[in-house]
Amino acid sequence: MERALIISDAPKAMKFFKDFLSANGYTKIKLAATAEEGRQAMEEFSPDICVINAPLESESGEELSTELASHMGCQVILFVKEDYFEEISGSVEKDGVICLSKPISKSAFFGALGFAEAADSRMKRAYAEIKRLERKLAEVRVVNRAKSILMSQKGMSETEAHRYIEKTAMDRRVPRGQVAEEIIDFYTD
């Protein structure tokens, strides 16, 4: 993780967060002073982590944190005043927001940062696995369509059509999906 977004309308807190993140390996840090600037920065910058120092001038930060965590796919750490911590943490944590109370200690922030990085890593692996399975499913669909075409056009059984696609792919050293697409293209043009 190297990209961070800090949303805070307090310059002193913004400097603290920026210095802390820089010291912990974040090389690209974008700053936003309002919730709207933060939303815009999320769209343009695509950070790995977002730190929100609540409350913000225009809103509490609670809604912003859940919005960014659920729709933008980055890890969000929300800092709230100790008086509101229990109430707000209970409502935002179900959306994947890490909530910490202020005043903050460096060790608590460091722990939350480590947790956010671990969660981000796990999410990225899960996303990669989903993409791999989607590609595999797409290939299975194409192969099944090609088998169906071979069965109707060439009078093959399903087993024969499957064997034909598999053998052609092995002989040519190309993926089954490529052979299936060529069959579909040949018979549907």
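In which helix is the place of Thr-66? Select residues 62-71: this is helix α3, and Thr-66 lies in it. Helices (H or I, at least four residues) and strands (E, at least two) are DSSP runs, numbered from the N terminus.

The model is predicted, so local features need pLDDT of at least 70 and side-chain atom pairs count only at pLDDT 80 or more, while totals for chains, interfaces and linings use all residues. Residues are numbered from 1 along each chain as its sequence is written, and side-chain values use heavy atoms, with hydrogens and water left out.

Remain at Thr-66. Thr-66 counts as buried because its relative accessibility is 17%; buried means under 20% relative accessible area (1.4 Å probe, protein chains only). Next, display Val-92, Asp-95 and Val-97, which Thr-66 contacts when its neighbours within four places in sequence are left aside. Contact means heavy atoms within 4.5 Å.

Now turn to the sheet. Its 5 strands form an open sheet in the order β2-β1-β3-β4-β5, with parallel pairing. Two strands pair if DSSP finds at least two bridges between them. Select β2 (28-32) and β5 (98-102): each stands at an edge with a single partner strand, so one side of each has no neighbour in the sheet.

Proceed to β3 and β4, which pair in the parallel sense over 5 bridges. Highlight Val-51 and its bridge partner in β4, Ile-77.

Finally, return to α3, which lies across β1, β3 and β4 and runs at about 170° to β4. Axes are lines fitted to C-alpha atoms, for helices over the stretch in contact, and angles run from 0 to 180 degrees between N-to-C directions.

Terms used
Buried < 20%, exposed > 50% of the residue type's maximum accessible area, 1.4 Å probe, protein only.
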